[in-house]
Amino acid sequence: MAGSEELIAWQKARELAGNVYQVTAKGKFAGDFGLKDQIRRAAVSIMSNIAEGYDRGGRAEFHQFLVIAKGSCAEVRSQLYVAHDVNYIAPTLFEKLKQETEELSRIITGLKKSVQQQKIQK
């Protein structure tokens, strides 16, 4: 493993994306192509933006990509509420996935702060 793959934020985003793909492949969720595709794109966007920002090399760019990744994380969380509200996912699964997005959001926030500090010190 090298580069962005070493970041805990990227690893957690990868895990979330995998979980979202598994959940959306089953039951009523699998048949709702709009919501399924949207939440999958948002989940993949989190890890993609972390990777792209990291690999661009500049602190300012990385910070901006982390802002976008955090926004995508909030998007996944919002879409989970919709899936829960229309009974696509059980309450316990909803809570588990929501907690994953909340944890990931906190991790991204911490990484953003660290990158911001490095930007300032430079």
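A: A residue counts as buried under 20% relative accessible area, as exposed over 50%, and as partly exposed in between. One caution before the details: this is a predicted model.

Q: Fine. Where is Ala74 found, and is it buried, exposed or partly exposed?
A: Ala74 is found in helix α4. Its relative accessibility is 29%, so Ala74 counts as partly exposed.

Q: And how far apart are Ala74 and Glu102 in space?
A: The C-alpha to C-alpha distance between Ala74 and Glu102 is 8.4 Å, while in sequence they are 28 residues apart.

Q: What about Gln79, buried or exposed?
A: Gln79 lies in helix α4 as well. At 9% relative accessibility it counts as buried, because the cut-off for buried is under 20%.

Q: Which residues does Gln79 touch?
A: Leaving out residues up to four places away in sequence, Gln79 touches Leu35, Gln38, Ile39 and Ala42.

Q: Now the helix packing. At what angle do α1 and α3 pack?
A: α1, residues 8-24, packs against α3, residues 33-56, at an angle of about 165°, and their axes are 9 Å apart. Angles over 145 degrees count as roughly antiparallel, so α1 and α3 are roughly antiparallel to each other.

Q: Which residues make that contact?
A: From α1, the contact includes Ala9, Trp10, Ala13, Leu16, Val20 and Thr24. From α3, it includes Lys36, Ile39, Ala43, Ile46 and Ile50. By class, the contact of α1 with α3 has 14 nonpolar, one polar and three charged residues.

Q: Which hand is the crossing of α1 and α3?
A: α1 passes α3 in a left-handed crossing.

Q: Next pair. How do the axes of α3 and α4 cross?
A: The axes of α3 and α4 cross at roughly 165° and come within 8 Å. The two helices are therefore roughly antiparallel to each other, and α3 passes α4 in a left-handed crossing. The contact of α3 with α4 has 17 nonpolar, six polar and four charged residues.

Q: And the core? Which residues in the largest nonpolar core touch the most other members?
A: Ile46, Ile50, Val76 and Ile108 do, out of 31 residues in that core. The elements giving two or more residues to it are α1, α3, α4 (59-85) and α5 (91-121). The largest share, eight residues, comes from α3.

Q: What does Val76 touch?
A: Not counting residues up to four places away in sequence, Val76 touches Leu16, Val20, Ile39, Ala42, Ala43, Ile46 and Thr101.

Q: Last topic, the backbone. What is phi of Asn87 near?
A: Phi of Asn87 is near 65°, a positive value in a residue other than glycine. Most residues other than glycine have a negative phi.

Q: Where is Asn87 placed, and is it buried or exposed?
A: Asn87 is in the loop between α4 and α5. With 57% relative accessibility, Asn87 counts as exposed.

Conventions:
Residues are numbered from 1 along each chain as its sequence is written. This is a predicted model: local features need pLDDT of at least 70, side-chain atom pairs count only at pLDDT 80 or more; totals for chains, interfaces and linings use all residues. Side-chain values use heavy atoms; hydrogens and water are left out. Axes are lines fitted to C-alpha atoms, for helices over the stretch in contact, and angles run from 0 to 180 degrees between N-to-C directions. Helices (H or I, at least four residues) and strands (E, at least two) are DSSP runs, numbered from the N terminus. Angles under 35 degrees count as roughly parallel, over 145 as roughly antiparallel, 65 to 115 as roughly perpendicular and the rest as oblique. A crossing is left-handed if the near helix is turned anticlockwise from the far one by less than a right angle, and right-handed if clockwise. Contact means heavy atoms within 4.5 Å. Ala, Val, Leu, Ile, Met, Phe, Trp, Tyr, Cys and Pro count as nonpolar, Asp, Glu, Lys and Arg as charged, and the others, Gly among them, as polar. A nonpolar core is a set of buried Ala, Val, Leu, Ile, Met, Phe, Trp, Tyr and Cys residues joined through side-chain atoms within 4.5 Å. Buried means under 20% relative accessible area, exposed over 50%, partly exposed in between (1.4 Å probe, protein chains only).
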